Amino acid sequence: QVQLVESGGGLVQAGGSLRLSCAASGVPFSNYAMGWFRQAPGKEREFVAFISWSVGGTVYSDSVKGRFTISRDNAKNTLYLQMNSLKAEDTAVYYCVCASDQFVRPVHTWKSTAPWDYWGQGTQVTVSS
């Protein structure tokens, strides 16, 4: 049974930092691509970041590039999202995602919800201005 459990969300002031974690179980973590999405109230789910299974290549949305860093610790089966210089518009529920294959896809595909087979329950991040 696949489980993705996020933690680390909370309330922070604008300009502050948070680090999200996602503990994965039931999947061969090191073999699969991982990512983060977010969803703000009244908005569609939005891609945040992706990290590949092999050499750890990363992709970010333009809105977080330079502020957020995605990383993984395969020994601990854990995915991270370091979020710096947070803005009010970063307020959302953040979801950890896993793609259970090793297909090589164009970058734009990873930014859609299509490849992602497993989703966590989400963790709330609220940034006060």
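The following is a conversation about the fold and some local features of one predicted model.

Reader: Before we start, what kind of model is this, and which residues count for local features?

Author: It is a predicted model, in which local features need pLDDT of at least 70 and side-chain atom pairs count only at pLDDT 80 or more, while totals for chains, interfaces and linings use all residues. Residues are numbered from 1 along each chain as its sequence is written, and side-chain values use heavy atoms, with hydrogens and water left out.

Reader: How many helices and strands are in the protein chain?

Author: The protein chain has one helix and eleven strands, where helices (H or I, at least four residues) and strands (E, at least two) are DSSP runs numbered from the N terminus. Along the sequence the pattern reads β-β-β-β-β-β-β-β-β-α-β-β. The radius of gyration, taken over C-alpha atoms, is 14 Å, close to the 14 Å from the globule rule for 129 residues, so the chain is as compact as a globular protein of that length; that rule is 2.2 Å times the number of residues to the power 0.38.

Reader: And how much of the chain is buried?

Author: Buried residues make up 45% of the 129 residues, with buried meaning under 20% relative accessible area, exposed over 50% and partly exposed in between (1.4 Å probe, protein chains only). Among contacts (heavy atoms within 4.5 Å) between residues at least 6 apart in sequence, 61% join residues at least 24 apart.

Reader: Switching to the sheet, what is the order of its four strands?

Author: The open sheet has the order β1-β3-β8-β7, with antiparallel pairing, and two strands are taken to pair if DSSP finds at least two bridges between them. β1 (3-7) and β7 (68-73) stand at the edges with a single partner strand each, so one side of each is left without a neighbour in the sheet.

Reader: How many bridges join β3 to β8?

Author: Six bridges join β3 (residues 18-25) to β8 (residues 78-83), and these two strands run antiparallel. Within that pairing, Cys 22 stands opposite Leu 79 in β8.

Reader: Now Asp 101: buried or exposed?

Author: Asp 101 is buried, with a relative accessible area of 15%, and it is found in the loop between β9 (92-99) and α1 (107-110).

Reader: Which side chain makes a polar contact with Asp 101?

Author: The side chain of Arg 105 does, at 2.9 Å, a polar contact being a pair of N or O atoms within 3.5 Å; within protein, one must be able to donate a hydrogen and the other to accept it, and residues adjacent in sequence count only if both atoms are side-chain atoms. A polar atom of the Asp 101 side chain also lies 3.1 Å from the backbone nitrogen of Phe 103. Leaving aside neighbours within four places in sequence, Asp 101 is in contact with Asn 31 and Tyr 32.

Reader: What does Arg 105 touch, not counting residues up to four places away?

Author: Arg 105, which is also found in the loop between β9 and α1, touches Trp 110 and Pro 115 when residues up to four places away in sequence are not counted.

Reader: Last topic, what is the phi of Asn 77, and where does this residue lie?

Author: Asn 77 has a positive phi of about 50° although it is not a glycine, and its place is in the loop between β7 and β8. Most residues other than glycine have a negative phi. At 24% relative accessibility, Asn 77 counts as partly exposed.

Reader: And what about Ser 85?

Author: Ser 85 has a positive phi of about 50° although it is not a glycine; it sits in the loop between β8 and β9 and is partly exposed, with a relative accessible area of 42%.
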